[in-house]
Amino acid sequence: MSNFSDEVLYAFLAKQEQLFDEPVAENLEEADAFLEDCMAVLVDSLEEVKEYFEEEGVDVGEMSLDEFEEAEEVFKIPNGQYLIVEG
């Protein structure tokens, strides 16, 4: 059973090359399996994106929320959520 909604999976499939040189998934099932394998995280806001990186020990220093949204590991989902995928 999928851990991510179809909306999240479609967004990842459409934008996956922002993080990877070539596609890592070609359909919803492959996308779901890949995201599960790399322990991708879905959060509800850019503030939660920042908290995630802080908890992971990343020096976020003076990064603005806009800079988090532009990070290649962060995928904006049309519903306003953010998917964090560490490649």
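1. A quick word on terms to start: accessible areas here come from the Shrake-Rupley method with a 1.4 Å probe. On that basis the chain exposes about 5400 Å², and carbon and sulfur atoms supply 44% of that area. Please keep in mind that this is a predicted model.

2. On the overall fold, the chain holds four helices and three strands. Following the sequence, you will find them in the pattern α-α-β-α-α-β-β.

3. Along the principal axes, the C-alpha atoms fill a box of roughly 35 × 25 × 20 Å.

4. As for the interior, 37% of the 87 residues count as buried. Take the contacts between residues at least 6 apart in sequence: 56% of them join residues at least 24 apart.

5. Helix α2 (residues 28-37) deserves a look of its own. L28, A31, D32 and L35 are buried in this helix. Viewed down the axis of α2, the buried residues fall within an arc of 100°, so they line one face of the helix. They pack against α1 (6-15) and β3 (82-84), while E29 and D37 are exposed on the other side of α2.

6. N27 caps the N-terminal end, with a side-chain oxygen 3.1 Å from the backbone nitrogen of E29. After the helix comes M39, which has a positive phi, near 55°.

Technical notes:
Residues are numbered from 1 along each chain as its sequence is written. This is a predicted model: local features need pLDDT of at least 70, side-chain atom pairs count only at pLDDT 80 or more; totals for chains, interfaces and linings use all residues. Side-chain values use heavy atoms; hydrogens and water are left out. Buried means under 20% relative accessible area, exposed over 50%, partly exposed in between (1.4 Å probe, protein chains only). Helices (H or I, at least four residues) and strands (E, at least two) are DSSP runs, numbered from the N terminus. The arc is that of the directions from the helix axis to the C-beta atoms. Contact means heavy atoms within 4.5 Å. A polar contact is a pair of N or O atoms within 3.5 Å; within protein, one must be able to donate a hydrogen and the other to accept it, and residues adjacent in sequence count only if both atoms are side-chain atoms.
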